[in-house]
Amino acid sequence: MAEPLKNQYGAEIPRAIARMIQAVHAGFDANAFLKMALDGYDALELMQRGHKIADALHTHLPKSFPQAMKILIASIDEPTGLPEKNSMASFLFLPHTLYVAKHGLKHFEISMHAQHALTQRFTAEISIRKFIELNQILTLNTLKRWASDPSEHVRRLVSEGTRPRLPWAPRLRAFQRDPRPVLELLEMLKDDPSLYVRRSVANNLNDIGKDHPELLFATAARWMKDASDERRWIVQHALRSSVKRNEAGALRVLGFGKTANVVIKNASISPARVKPGTSVTISFDVAGKSARAQNLLVDLRVHYVKANGKTSAKVFKLRQIALAANAVMAFSKRLSLNDLTTRKHYPGVHRVEAVINGRLTALGEFLLAAN
């Protein structure tokens, strides 16, 4: 099982922040800051640790927000002293963004400047949301300018910060009700040269589709006209959740709206009885019954047993294919039954289905034994 992220965000983080601030502001009381930041630190989760450090910054930096921000921004280019291979090094600036969100709302221009700088080192996607909620028009005008910023990190913030359902952050309810202001920004970014930005655009569209599926389908269809390969990828990635839900509009945009004229043959699930920590192999053939080639989207759906005995379906992507006339193509998936941080396996009967252009076909089932 993967190590919790909080374990990689230990006491070395506030210590590094203290050193960096001291390098630009000799009056900073590093010992008092660390005493406050580290009091009860071990018991906290990752975001709680970030907030704890932010609160300590507020206590031990000057009370004037403009003065405090001047010091804090001056410190961010100082050496962190952290190992270069530290995967959480960029998270060092999480408390800085939380500090801005907590104490900078009355200082819009200073806070925007700070987030522009910070997002190029970590991300201001959480802090920017506070400014969207407080002053949507002014913040959106700033984000429109940033959509053409030279930095891909700033351009990504334009998309990531406006996601209605951003993980780890409160939802932007106004954009859930009316996502049109967000779509205006995404239009500016849909052909961005950076995959980093385009992936965020796709994720934002995917969020929008959960509340406004028809708007997602209409936008995706429009973007597919004369689309580059890069934009086609955005559309496909944006529709992934809709495809997993077998929504006809998404399948239609991707060219899989027609019911597949096929049959499933030679379905096999082996072994039929498995133990936790092992694996099961699912295989089947798709045989075409048409005299013409067919575009097929072939997925696999597994109904996992939950702790309460009910089941929850998960879709695994297999392939998009052009099946030749009367052709047969084999598919196979090895399914690991090791517990993950995102999924725990429970004993019981697990049903398995093929999903071809949205149509479900039962393949069989396997029994996960108690042990």
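Two strands pair if DSSP finds at least two bridges between them. Strands (E, at least two residues) and helices (H or I, at least four) are DSSP runs, numbered from the N terminus. The model is predicted: local features need pLDDT of at least 70, side-chain atom pairs count only at pLDDT 80 or more, and totals for chains, interfaces and linings use all residues. Residues are numbered from 1 along each chain as its sequence is written, and side-chain values use heavy atoms, leaving out hydrogens and water.

Strand β4 covers residues 294–305, and strand β5 covers residues 311–323. They pair in the antiparallel sense over 12 bridges. Aspartate 299 stands opposite lysine 317 in β5. The hairpin has 5 residues between the strands. There, glycine 309 takes a positive phi near 90°.

## The cavity

Rolling a probe the size of a water molecule over the atoms shows where empty space is left. On a 1 Å grid over the protein atoms alone, a cavity is a set of points where a 1.4 Å probe fits but cannot get out, and a pocket is an open set with protein on both sides within 12 Å along at least five of seven lines; lining residues have an atom within 4 Å of a point. Grid points are joined across faces, edges and corners, and a volume is the space filled by probe spheres set on the points.

The whole structure has 1 cavity of 30 Å³ or more. The largest cavity holds about 30 Å³ of space. Its lining is Val243, Lys244, Asn246, Asp299, Arg301, Val315 and Val355. Helix α15 (240–244) and strand β4 each supply at least two of the lining residues.

## The largest pocket

The largest pocket has a volume of about 290 Å³. It is lined by 15 residues, and the closest to its centre are Phe91, Phe122, Thr123, Glu125 and Trp168.

## Histidine 153

Histidine 153 lies in helix α9 (residues 152–160). Histidine 153 counts as partly exposed because its relative accessibility is 28%. Histidine 153 and tyrosine 196 are 43 residues apart in sequence, yet 8.1 Å apart in space, C-alpha to C-alpha.

Note on methods
Buried means under 20% relative accessible area, exposed over 50%, partly exposed in between (1.4 Å probe, protein chains only).
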